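Here are my notes on the model, in numbered points. Please read them with the structure open.

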Amino acid sequence: MEYAISLTPYQSRKIKPAILLKYDRVYIGSEFCQNILPSIEDIKFLRTKGVKKITLLTGLMVTRRLKEFEKSLESIFKVEKKIEIVVNDLGLLRFLHLNYPKRADILLGRPVSIDYLRMPKEFLKGFFNKYNIKRIESDENNMVEDLPLNSFLKVSFHFPLHYVCMTRYCPFEKKLTLNCRHSCENKILKLKHSGMGKSPLILHNNAYFFANKPCYHKTVKRLVYKPLSYKDADRFISTI
Amino acid sequence: MKIQVGVGSHKELDYFITHGADEFYCGFSQIPSHVEDIGGDRNFRSIEDISLAIRKAHKAGKEIFFVANEIHSEFFDKTVEVIKILVKKGMDGVIIKDLTLLNHLKSINLKTKIILSTLNHCFNLETLEFYKEFNISRIALPEQLMPEEAREIIKNKLGVKTEVFLKSREYCVNFNGLCFLQFGEDKECFCRKKFILGGKEFSMPEPPDSEQLGQLYDFYNQGADILKIGRSPDKESGKIFFREAVQLIRILKLKPSRASFIKDALKIKKAFDKTMNFLKDKTRSSDRFTLRK
């Protein structure tokens with residue numbers, strides 16, 4: 001089992017390097033917000049702190065943002081021979097396939113991976129092969145636990161936040177924008193409603209989550225921990 | 001800009017044909033299509049019903065499309081079979097989300113129009129090019145895509161037409177199709193509920209009406225081809241949305257300024273809101289009037 005920590009670029013600057021190095025891998029960016037994409041500076045920062053394995057997190061992107069990120073990838077590929085990248089946007093998937101076919105290991109990200117988990121394996125095998133997709137990112141305990149033990153799928157399991165929904169109309173900026181002031185940084189809000197039961201809905205960046213627990217199904221080859229505060233950053237890894 | 005309306009019964013179809021809708025789409029209760037039959041006839045109940053709808057639409061000189069925009073998994077074979085039957089009976093096209101289904105229809109070279117569902121979240125030109133490989137001829141744009149961000153998609157040189165929703169009436173607060181905030185037996189949407197945050201009320205924010213109507217103005221002037229009215233949870237709200245859409249397009253054709261359009265459109269919306277409020281009181285299902293799910 002590989003253990004990873006998932007951080008926004010802002011969070012990565014705030015966590016002590018010694019804690020980062022306790023994990024096998026650092027995920028950097030966001031699967032949910034196109035305003036929190038990783039940059040070459042973020043990668044360089046992690047490298048200077050001694051982080052060996054990095055996974056880039058990306059979400060759905062509008063044309064302007066995708067073009068900007070494609071340029072950013074040019075700079076990244078100048079210093080990184082190969083990257084591992086979580087992709088939700090099929091436009092980005094196509095771009096990587098056409099321009100860097102063997103240099104990007106693709107992971108299909110939350111929130112779209114729930115659809116792929118329901119597709120027939122015959123189709124997925126061909127699709128994964130064509131686009132160099134190596135694994136699926138998930139936080140769906142039930143769906144992952146239902147996978148056959150001999151499934152060809154490899155899963156990275158995210159916890160303690162289970163994705164519920166996301167918006168482009170930012171709950172913190174109160175608008176739809178690409179010129180973000182990152183007012184969501186370091187904020188975790190807990191929303192309650194009697195109709196949802198006792199579990200609060202957790203708002204982080206532009207997405208809402210419920211709490212979940214790590215899954216140890218045979219297909220899960222990596223656990224990805226999202227700290228809810230800086231002091232939480234080594235809470236999970238210290239228990240391993 | 002044409003107006004497309006989702007229908008779930010012959011009564012609805014007859015109404016919209018009489019009142020001048022340009023084209024239609026419909027689902028089949030046995031095939032998953034994102035909008036299930038909770039709270040009303042939102043999908044037809046038999047192939048025969050849909051065949052009759054095809055004949056009625058064609059007799060009126062209108063096109064009609066079949067919606068099957070879900071991941072089909074265990075329904076896959078049945079979905080393919082139903083699509084083949086309906087295309088044979090004259091269905092003008094299919095609205096699809098499932099990549100596996102798109103791939104299969106391409107492999108069997110099915111001769112029909114393929115419309116990419118709004119649930120595929122085609123946010124950029126590169127994604128449109130990805131899906132063009134599956135012979136799509138139209139896409140329904142994601143609700144959370146702004147007109148200035150959609151410009152290159154709308155002006156695409158791939159021959160793909162674009163559809164937009166009447167977002168001042170039908171808008172999901174969160175990404176439609178990627179939202180799982182539903183509870184209870186009838187999977188009630190919680191996105192517009194009042195939550196409690198630190199002792200205070202919290203609502204998930206969404207754009208105001210003026211912004212949504214301004215976006216309609218921009219989509220129209222950028223050349224979006226179709227204004228889409230979703231399948232309604234009750235018989236009356238769909239009619240209201242349609243009548244409102246007709247009035248809005250009538251104004252847009254007069255080429256007003258953006259500010260003037262928004263002003264007039266807000267007045268129209270306010271007038272229809274009165275009817276909506278009357279219906280809300282009557283049916284006590286207020287949340288459903290502003291949600292497509």
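Where is the place of A:P111 in chain A? That is the starting point below.

1. This is a predicted model. A:P111 sits in the loop between β5 (104–108) and α6 (113–116) of chain A. Look at the bond that leads into this proline. The peptide bond from A:R110 to A:P111 is cis, and its omega is near 5°. Most peptide bonds are trans. Please check this loop by eye.

2. A cis bond also runs from A:F159 to A:P160, with omega near 5°. A:P160 belongs to the loop between β7 (155–159) and β8 (161–166) of chain A.

3. Most residues other than glycine have a negative phi.

4. A:H182 is found in the loop between β8 and β9 of chain A. Its phi is also positive, near 55°, in a residue other than glycine. A:H182 has a relative accessible area of 31%, so it is partly exposed.

5. A:D232 deserves a look. This aspartate is in the segment after β12 (220–225) of chain A. Why does A:D232 count as buried? Its relative accessible area is 12%, and buried means under 20%. A:D232 touches A:Y225 and A:P227, leaving aside residues up to four places away in sequence. A:D232 and A:I15 are 217 residues apart in sequence, yet their C-alpha atoms are 9.8 Å apart in space.

6. Now the second largest pocket. Its space comes to about 280 Å³. The lining has 16 residues. Those nearest the centre are A:L117, A:L147, A:P148, A:S151 and A:L153. Which helix gives the most to the lining? Helix α7 (residues 121–131) of chain A does, with three residues. By class, the lining divides into ten nonpolar, two polar and four charged residues.

7. On to chain B, and helix α3 (residues 76–88).

8. Which residues of α3(B) are buried? They are B:F76, B:T79, B:V80, B:V82, B:I83, B:L86 and B:V87. Seen down the axis of α3(B), these buried residues fall within an arc of 165°, so they line one face of the helix. The face turned away from the buried side of α3(B) carries the exposed residues B:D77 and B:K88.

9. What do the buried residues of α3(B) pack against? Their partners in chain B are α2 (47–59), β3 (63–68), β4 (93–96) and α4 (99–107). After the helix comes B:G90, with a positive phi near 110°.

Note on methods
Residues numbered from 1 in each chain as written. Chains lettered and ligands numbered in written order. Predicted model: local features only at pLDDT ≥ 70, side-chain atom pairs only at ≥ 80, totals over all residues. Heavy atoms only, no water. Helix = DSSP H or I, 4+ residues; strand = E, 2+ residues; numbered from the N terminus. Expected span 1.5 Å × (residues − 1). Buried < 20%, exposed > 50% of the residue type's maximum accessible area, 1.4 Å probe, protein only. Arc of directions from axis to C-beta. Contact = heavy atoms within 4.5 Å. 1 Å grid on protein atoms, 1.4 Å probe; cavity = no way out; pocket = protein on both sides within 12 Å on 5 of 7 lines; lining within 4 Å. Points joined across faces, edges and corners; volume = space filled by probe spheres on them. Nonpolar A, V, L, I, M, F, W, Y, C, P; charged D, E, K, R; others polar.
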